[in-house]
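Subject: Structure handover

Hello,

Here is the structure we talked about. Please open it first, then read the notes below it.

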Amino acid sequence: MSIDRTEQNRGTDRPKIPGDFPAAPLTLEGYSVLHQMFRVQRRELRMLDAAKRSTALKDASQLFGEMARREDGETALFSALGHKGDLMIVHFRRSFEELGHAELAVAGLALSDYLEPATSYLSVIEIGLYEATVALYRRLVENGVGPRSPQWKSEIDSEIARQREKISPRLFPKIPARPYLCFYPMDKKREGADNWYRLPIEDRQRLMHEHGMVGRRFAGEVTQIISGSIGFDDWEWGVDLFADDPLVFKRLVYEMRFDEASSSYAKFGPFYLGIRLEAAELGKLFSI
């Protein structure tokens, strides 16, 4: 019984984080990300002279091949399934300016005359530091350090630097080479009692920890990349899931919907499913 009481009291022994502390967790940001979805205008493409069509495809394949071989943020192509689009292009770059260059390069292709934009999504790879933030804030409370004081700023900067060094590869990853991609945007609810942003940071940290434990059950089967889009696009986060078997997307998303962070506080946008398409295979998508 003493062990049980110790476990029950462990949380109450920790200092409570005051309300004047920042509500948002610390985050680390990496590559800027742009998803572009297009529909192929097949009727117009059929009317194009065969030689011009061949040249347009050759030039596009060359550009996308060069983008795929970039060492510091590359581009990947996916053949999209369903009515939402035919071609999904995913760009990872160091900055929004570089994303702009990539977008203009695609628009400058002769082939782009036969690509109708369906939608797009702009975001930045983000790692939320809930665990580290709560631990740091509790330590600052114990040491009597108030928010936004010089010592506070020093402690925050040190923690950010330490975390960045620790997980830098996750901020600037290669686009996983797995053949299937599931992409979807999502929000946290702000509806009545189900308002994520009114929860204390300790509660949000606990819920995100439990949410993450579900995801870890699929380690090795799925590569997940989360990107933040608050202030950049219509949803708050974008989720990219890469796998060798598309059925794992169904199992993972379904199982995650039962944990509290999702069941009570998550809103999901449209889902996009793509199959990896090498630049040299681009002609397969435009076969008429």
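What volume does the largest pocket have? About 1,600 Å³. Please keep in mind that this is a predicted model.

**The pocket**

The lining of the largest pocket takes in 49 residues. Nearest its centre lie G128, R170, M208, Q224 and I226. Helix α7, residues 201–216, supplies the largest share of the lining, with eight residues. By class, 29 of the lining residues are nonpolar, twelve are polar and eight are charged.

**The chain as a whole**

The protein chain has 288 residues, and 45% of them are buried. Its secondary structure comes to ten helices and eleven strands. The C-alpha trace spans about 80 × 40 × 35 Å along its principal axes. Take the contacts with a separation of 6 or more: residues 24 or more positions apart account for 80% of them.

**Strand pairing**

Start with strand β8, residues 222–228. Strand β4 (residues 115–128) pairs with β8 in the antiparallel sense, over two bridges. I125 has S227 in β8 as its bridge partner. β8 also pairs with strand β9 (residues 237–243), again antiparallel, and here there are seven bridges. In that pairing, I226 stands opposite V239 of β9. I226 came up above as one of the residues nearest the centre of the largest pocket.

Now look at strand β11, residues 272–277. Strand β2 (residues 75–80) runs antiparallel to β11, and four bridges join them. A80 has G274 as its bridge partner in β11. Strand β5 (residues 180–188) is also joined to β11 by four bridges, antiparallel too. There, the partner of C182 is L273.

**The nonpolar cores**

Which residues have the most contacts inside the largest nonpolar core? They are F64, L77, L87, I89, L111, L282 and F286, in a core of 24 residues. Five elements each supply at least two residues of this core: β1, α3 (50–68), β3 (87–93), α4 (96–107) and α10 (282–285). α3 gives the most, with six residues.

Leaving out residues up to four places away in sequence, L111 touches A56, L57, A60, L282 and F286. There is also a second, separate core of 23 residues. Among its members are A132, L136, L171 and L199.

**Four residues to look at**

S32 lies in strand β1, residues 27–40. S32 counts as buried because its relative accessibility is 5%, and the cut-off is under 20%. Beyond its neighbours within four places in sequence, S32 is in contact with H91, F92, R93, R94, S95, F96, L99, S123 and V124.

E74 sits in the loop between α3 and β2. Is E74 buried or exposed? E74 is buried, with a relative accessible area of 5%. Setting aside neighbours within four places in sequence, its contacts are M67, A68, V90, H91, F92, R93, P173, K174 and I175. E74 and V90 are 16 residues apart in sequence, and their C-alpha atoms are 8.4 Å apart in space.

Y114 is found in the loop between α4 and β4. At 15% relative accessibility, Y114 counts as buried. Where does Q205 lie relative to Y114? The two are 91 residues apart along the chain, and 47 Å separates their C-alpha atoms.

E159 belongs to helix α6, residues 150–171. E159 counts as buried, at 7% relative accessibility. Apart from neighbours within four places in sequence, E159 is in contact with L26, A132, L136 and R139. Of these, A132 and L136 are included in the second core.

That is the handover.

Best wishes

Technical notes:
Residues are numbered from 1 along each chain as its sequence is written. This is a predicted model: local features need pLDDT of at least 70, side-chain atom pairs count only at pLDDT 80 or more; totals for chains, interfaces and linings use all residues. Side-chain values use heavy atoms; hydrogens and water are left out. Buried means under 20% relative accessible area, exposed over 50%, partly exposed in between (1.4 Å probe, protein chains only). Contact means heavy atoms within 4.5 Å. On a 1 Å grid over the protein atoms alone, a cavity is a set of points where a 1.4 Å probe fits but cannot get out, and a pocket is an open set with protein on both sides within 12 Å along at least five of seven lines; lining residues have an atom within 4 Å of a point. Grid points are joined across faces, edges and corners, and a volume is the space filled by probe spheres set on the points. Ala, Val, Leu, Ile, Met, Phe, Trp, Tyr, Cys and Pro count as nonpolar, Asp, Glu, Lys and Arg as charged, and the others, Gly among them, as polar. A nonpolar core is a set of buried Ala, Val, Leu, Ile, Met, Phe, Trp, Tyr and Cys residues joined through side-chain atoms within 4.5 Å. Two strands pair if DSSP finds at least two bridges between them.
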